[in-house]
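This report is written to be read alongside the sequence and the three-dimensional view. Please keep both at hand while going through the sections.

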Amino acid sequence: MLVSEGSRHIVVQRGGRFWTVDLIDSDGNTVPVAQLHGAMQVVIDAADAAPAADDETVGLLTSLPRDEWAALRTRLLAEAATNVASVEAIDSAIFVLSLDVEAPSSITEVSSAGMAALRPALRPIMKSTWSA
């Protein structure tokens with residue numbers, strides 16, 4: 001388990017997109033509930049106005065078997081500095097909160113939805129890694 005000393009933020013996910021939201025201010029105090037509520041509304045509004053395209057939904061990668069996810073994560077981190085910063089923000093978060101409206105009702109739905117959403121995002125990787 002990764003422990004990030006001094007973490008002050010959570011990651012909020014909605015519609016395949018991710019945001020960081022501070023829970024602890026620079027003085028070490030918890031952020032007021034009203035401020036957190038406002039931040040959550042900003043996330044909801046932004047995600048609903050511009051949901052991630054199918055080829056931008058990286059969050060579902062974690063639904064893959066561990067070895068596959070680890071290989072794809074390594075490749076993702078090697079492709080761009082932005083990816084490194086984004087993954088570090090997720091890794092160092094106190095926790096991740098999903099504000100998605102719909103939720104799968106079974107493990108089969110999780111798997112099916114995850115792979116359907118991942119196919120467009122992974123197409124370039126799958127062609128070079130798994131194609132014959």
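## Overall make-up

The structure is a predicted model, and every value given here should be read with that in mind. The protein chain contains four helices and three strands, and from the N terminus on these elements follow one another in the order β-β-α-α-α-β-α.

Of the 132 residues in the protein chain, 23% are buried. The chain exposes about 8800 Å², and carbon and sulfur atoms supply 57% of that area. Among the contacts in the protein chain with a separation of 6 or more, 63% are made by residues 24 or more positions apart.

## The sheet

The three strands form an open sheet in the order S2-S1-S3, with mixed pairing. S2 and strand S3 (96-98) are the edge strands, each of them pairing on one side only, and neighbouring strands of the sheet are turned against each other by 30° on average, direction ignored. As a general point, strands of a sheet pair through backbone hydrogen bonds, either parallel or antiparallel.

Both senses of pairing can be followed from S1. Towards S2, the two strands run antiparallel and are joined by six bridges; within this pairing, Ile10 has Val21 as its bridge partner in S2, while Arg14 has Arg17 as its bridge partner there. S1 and S2 form a hairpin with two residues between them, and Gly15 in the turn has a positive phi of about 60°. Towards S3, S1 pairs in the parallel sense over three bridges, and the bridge partner of Val11 in S3 is Val96.

## Helices against the sheet

H1 lies across S1, S2 and S3 and runs at about 165° to S2. Helix H3 (residues 81-91) also packs on the sheet, where it touches S1, S2 and S3, and its direction makes about 110° with that of S1.

How many of the six residues of S1 are buried? Six of the six are, so S1 is largely enclosed by the rest of the structure. In a regular strand the side chains alternate between the two faces of the sheet.

In soluble globular proteins, nonpolar side chains tend to be buried together. Here the largest nonpolar core has 10 residues, namely Ile10, Val12, Trp19, Val21, Leu23, Val31, Leu36, Met40, Val43 and Ala47. S1, S2 and H1 are the elements that give two or more residues to this core, and the largest share, four residues, comes from H1.

Leu36, which is one of the core residues, touches Val21, Asp22, Leu23 and Val31 when residues up to four places away in sequence are not counted.

## Two residues in contrast

Arg14 is placed in strand S1 (residues 9-14). Is this arginine, Arg14, buried or exposed? Arg14 counts as buried because its relative accessibility is 10%, and the cut-off for buried is under 20% relative accessible area. The side chain of Arg14 reaches the backbone oxygen of Leu99 at 2.5 Å. Leaving aside neighbours within four places in sequence, Arg14 is in contact with Trp19, Val43, Ile44, Ala47, Asp48, Leu99, Asp100 and Val101, and among these Trp19, Val43 and Ala47 also belong to the largest nonpolar core.

Ser26 lies in the loop between strand S2 (17-22) and helix H1 (33-49). With a relative accessible area of 67%, Ser26 is exposed, whereas Arg14 is buried. Ser26 and Arg8 are 18 residues apart in sequence, and their C-alpha atoms are 8.5 Å apart in space.

Methods. Residues are numbered from 1 along each chain as its sequence is written. This is a predicted model: local features need pLDDT of at least 70, side-chain atom pairs count only at pLDDT 80 or more; totals for chains, interfaces and linings use all residues. Side-chain values use heavy atoms; hydrogens and water are left out. Buried means under 20% relative accessible area, exposed over 50%, partly exposed in between (1.4 Å probe, protein chains only). A polar contact is a pair of N or O atoms within 3.5 Å; within protein, one must be able to donate a hydrogen and the other to accept it, and residues adjacent in sequence count only if both atoms are side-chain atoms. Contact means heavy atoms within 4.5 Å. Accessible areas come from the Shrake-Rupley method with a 1.4 Å probe; for residues, only the protein chains shown count as cover. A nonpolar core is a set of buried Ala, Val, Leu, Ile, Met, Phe, Trp, Tyr and Cys residues joined through side-chain atoms within 4.5 Å. Two strands pair if DSSP finds at least two bridges between them. Axes are lines fitted to C-alpha atoms, for helices over the stretch in contact, and angles run from 0 to 180 degrees between N-to-C directions.
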